[in-house]
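Reader: I'm new to reading protein models. Could we go through this one together, a question at a time?

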Amino acid sequence: PLSDNHPVLHHVIRHAPDLEDDIGQYYPDAVFLRDTNGHKLLQLKFYTNLKRGKKTFKKNSSFFIGATDNQVNTIDPETGLCPFMLAAVGNKSDLTAVYYLLSRNPKLVGVEDNEVIIDSDGTRSSRKRQ
């Protein structure tokens, strides 16, 4: 059931992204809610777009350039991968996007298993090998 703390738009982005605008008009404040991993909607959308491989640096450079430090530096809780890694996997990997994301924070290459990263908003993220 929906409540003040139910991130309905997070659910929509994960499972029915084509309905985001339709449902968003009824729950505009849900954009400010955090999911169980502590991420706001924009962070989740960033991960989701990278995982789906629908954004390329050549065609959607503003998506990558406009990414916040928090988006670039956090680890996707579902996969345990850094954003540059999400851009690298799958059939639609984009080397230019990988390079750009990694150049924003080269220290992400040295993240060890179970190492905790403190995001710019104070949220803790950890990376665990699966």
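Predicted model: local features only at pLDDT ≥ 70, side-chain atom pairs only at ≥ 80, totals over all residues.

Reader: Okay, so which residues of H7 are buried?

Author: Buried here means under 20% relative accessible area. In H7, the residues that pass that test are Ala97, Val98, Tyr100 and Leu101.

Reader: Why do they end up on the same side of H7?

Author: Look at the buried residues Ala97, Val98, Tyr100 and Leu101. They sit on the same side of H7 because the arc they cover around the axis is only 165 degrees. On the other side, Leu95 and Tyr99 are exposed.

Reader: What do the buried residues of H7 pack against?

Author: Take Leu101 as an example: beyond its neighbours within four places in sequence, it contacts Phe46, Leu50, Phe64, Val72, Pro83, Phe84 and Ala87. As for the buried residues of H7 in general, their packing partners are H3, H4, helix H5 (69-73) and H6.

Reader: How many residues are in the largest nonpolar core?

Author: Leu101 shows up again here, as it is among the residues with the most contacts inside that core, along with Phe46 and Phe84. Helix H3 (41-52), helix H4 (61-65), helix H6 (83-88) and helix H7 (95-104) each give at least two residues to this core. Apart from it there's another core, of seven residues, including Val8 and Leu41. The largest one has 19 residues.

Reader: And Arg104, is that buried, exposed or partly exposed?

Author: Arg104 lies in helix H7. Past its neighbours within four places in sequence, it is in contact with Phe64, Ile65, Ala67, Thr68, Asp69 and Val72. Its relative accessibility is 27%, so Arg104 counts as partly exposed.

Reader: What distance separates the C-alpha atoms of Arg104 and Phe84?

Author: Along the chain, these two are 20 residues apart.

**Over to helix H1**

Reader: What is the relative accessible area of His10?

Author: His10 has its place in helix H1, where the buried residues are Val8, Leu9, His10, Val12 and Ile13. What covers them includes helix H2 (20-24) and H3. His10 counts as buried because its relative accessible area is 0%.

Reader: Which residue has its backbone nitrogen 3.4 Å from a polar atom of the His10 side chain?

Author: Leaving out residues up to four places away in sequence, His10 touches Ala30, Leu33, Arg34, Asp35, His39, Lys40, Leu41 and Leu44. Among these contacts, the backbone nitrogen lying 3.4 Å from a polar atom of the His10 side chain belongs to Leu41.

**The whole protein**

Reader: How many helices and strands does the protein have?

Author: Start at the N terminus and the elements run α-α-α-α-α-α-α-β-β. That comes to seven helices and two strands.

Reader: Where is confidence lowest?

Author: The mean pLDDT of the protein is 82, and 80% of its residues reach 70 or more. Confidence is highest in H4, at 95. The lowest confidence, a mean of 50, is in residues 116-118, strand S1.

Key
Residues numbered from 1 in each chain as written. Heavy atoms only, no water. Core = buried A, V, L, I, M, F, W, Y, C linked by side-chain atoms within 4.5 Å. Buried < 20%, exposed > 50% of the residue type's maximum accessible area, 1.4 Å probe, protein only. Helix = DSSP H or I, 4+ residues; strand = E, 2+ residues; numbered from the N terminus. Contact = heavy atoms within 4.5 Å. pLDDT = per-residue confidence, 0-100. Arc of directions from axis to C-beta. Polar contact = N/O pair within 3.5 Å; in protein donor to acceptor, adjacent residues only side chain to side chain.
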